[in-house]
Amino acid sequence: MNIIVCVKQVLDPEIPPAKFKIDPEAKQVIPPPGVPPVISLFDERAVEAACRLKDKHGGTITVISLGPEKAAEVVKHAIAMGADEGYILQDAAFENLDSFGIAYVLGKAIQKIGGYDLVLCGRQSADWGNSQVGSILAEILGIPVITLAGDIEAADNKLKVKRIVRDGYEVLEAPMPSLVTVSNEIGLPRLPAGVRIMIAARKQVPVWTAQDIGAESSQLDKANAHTEVTGLSVPTRKTECEIVTGDTPGEAAANLASKLAKLL
Amino acid sequence: MDSHKGVLVCGEITGGKLAPITIELLGIGRKLADELGEELSALLMGSQAGGLGKEAIAYGADKVHVAEDRLLDGYNSDAYTQVTANLCSKVLPAVVLIGHTDIGCDLAPRLNGRLGGGLAMDCQALSIDSAKLLVSTRPVFGGNANATMVSKSARPQMATLRPKTVPPAERDDSRKGEVIPIEDKIDPSALKVKVVDRIKEEVEGVKLEDAEVVVSGGRGIGSAENFEILRELAGVFGGAVGATRPACDEGWAPMTLQIGQTGKVVSPKLYIAVALSGAIQHIGGCLGSKYIVAINNDEEANIFSVAHFGIVADYKEVVPALTAKLKDLIK
């Protein structure tokens, strides 16, 4: 089966909060120096889901990423994991798009690639986390969508998807092609083998512009944006933490116990 | 866009009653509608919807649209999207409010894709600005920052609201309103995804969301076996055990115990965070706790910045002693 996975390169979400800085005027985050961006967590799980399906059923995995040329790093990471081809979607007109704009560009690229049985996205990005590109993309492509997948199986030209809900899961069946958004319950992503890392390093990752994918400028016009960020702030949290001590950890624990017993 | 008016709440029914999130949405929806000087309507779906129309009115709705169809018993993404999109195309609401729940997380973005509106997900505050636009405030970058968002021209303006962020609407049975049945039948050819099964995974003991005390473990716990040390502590309080995403990913705790941005949000009286660094994505799931206690051998761990009490030491030396002492004190 042929799978297309959409991945995004994001600021490392594990940076300590003290290093997290914003420009409130520009409503942008200032990337801390020396911290390389990473593949968005759930997108990496989507690549993993694609690799598992390929391991079982064969076929190809194509990865696309809307972002700067540097985003080739996350495409190459996906190739190292097991993807076959990758493309960067980059154009001045693609910068600061809202979810509709992003879904439109991804949709155009996916239509250009064509011949897919399944499109995978992460459930949400680790940065802005708008949590809607996948669903909008499915509407644009006119294919069914299943969100929050914890497992994906393919058989008889159908997809069987475990959708994670609060107190368990749903088992859903969808025709192909469909779009599925992947949650971390799918499991940990594989560590790329050395050979695959070498293959990925040598792989060309072509850049597609608006013209290459036939994206119309009217669809990318910021004046037509569906949503706009009007403010960005860092919440202040003021908690005084009382460090409870003792001669031994056990004694500190006993002292803490006395304090907690009074609170309840 | 002047043709779009009013606030529409997409309701949820659980156990034959209005879901708590729906009563919360009716409360905030009433406020927003009053500020706009417009109507508040609600949509209820499922074979029990008709009987709950009056309830929704008592909680603040002026109009309740009810779609009573067996196909709508239990969430079906294709069917819910169809009914909701059709209603929105007909009544043209200015604002659509949906719960940030299993249903809303799926329905809202799809509905938005179909209607071409402007959607903010997982909001923690909603208001109306001087231009009568919906202002949605939501955490971004895993909770490191808050963003406010508006839709200047796209309609409807949509938001999913995180449960328990606003008080529930007050019930007033004397309120008057209108229950309007939706006559349109669901087009079965548009139902592409089949719901084969719904599996409930019961967790033993008290539910995480209901527990007064939650003991939570992270990457530092080291193994599934070591979670037993946390279960013993939780047991003293009759509390529940939770875990961070990395601990769940490792398979040390069931996924249903994941606390954080994409897991469960808890607000117990006491939250004991053990061997977890306090990633911002995790803190988002426990910040509503009355008291947070951190036990971690790294004094630089971020969890201490939100904790009220802390011990800097190896949890394996602390937690069993804490459990033993508390057993003596709490009887």
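Helix H4 of chain B is mostly covered, with 13 of its 14 residues buried; a residue is called buried if 20 or more other C-beta atoms lie within 10 Å of its own, exposed if 12 or fewer, and partly exposed in between, with C-beta atoms placed from the backbone. The model is a predicted one, where local features need pLDDT of at least 70 and side-chain atom pairs count only at pLDDT 80 or more, while totals for chains, interfaces and linings use all residues. Residues are numbered from 1 along each chain as its sequence is written, and chains are lettered from A and ligands numbered from 1 in the order in which they are written.

H4(B) covers residues 102–115, and its end C-alpha atoms sit 20 Å apart, which agrees with the 20 Å that 14 residues should span at 1.5 Å a residue (the expected span being 1.5 Å times one less than the number of residues). Helices (H or I, at least four residues) and strands (E, at least two) are DSSP runs, numbered from the N terminus.

Chain B is split by the domain assignment into domain 1 (7–190) and domain 2 (208–329), with bounds that come from an automatic or database domain assignment. The C-alpha centres of these two domains of chain B are 34 Å apart. Between them, six residues of domain 1 are in contact with seven residues of domain 2, contact being C-beta atoms, placed from the backbone, that lie within 7 Å. On the domain 1 side, that makes one nonpolar, three polar and two charged residues (Ala, Val, Leu, Ile, Met, Phe, Trp, Tyr, Cys and Pro count as nonpolar, Asp, Glu, Lys and Arg as charged, and the others, Gly among them, as polar).

As for the two chains, 66 residues of chain A are in contact with 69 residues of chain B. H8(A) gives the most to the chain A side, with twelve residues. That side divides into 37 nonpolar, 17 polar and twelve charged residues. Strand S15(A) also pairs with strand S18 (residues 309–312) of chain B, in the parallel sense and over two bridges; pairing takes at least two DSSP bridges between the strands. Within S18(B), Phe309(B) is the bridge partner of Glu242(A).

Over in chain A, Ala200(A) belongs to helix H5 (residues 194–202). Ala200(A) counts as buried because it has 22 C-beta neighbours inside 10 Å. Beyond its neighbours within four places in sequence, Ala200(A) is in contact with Lys76(A), Ile79(A) and Ala80(A).
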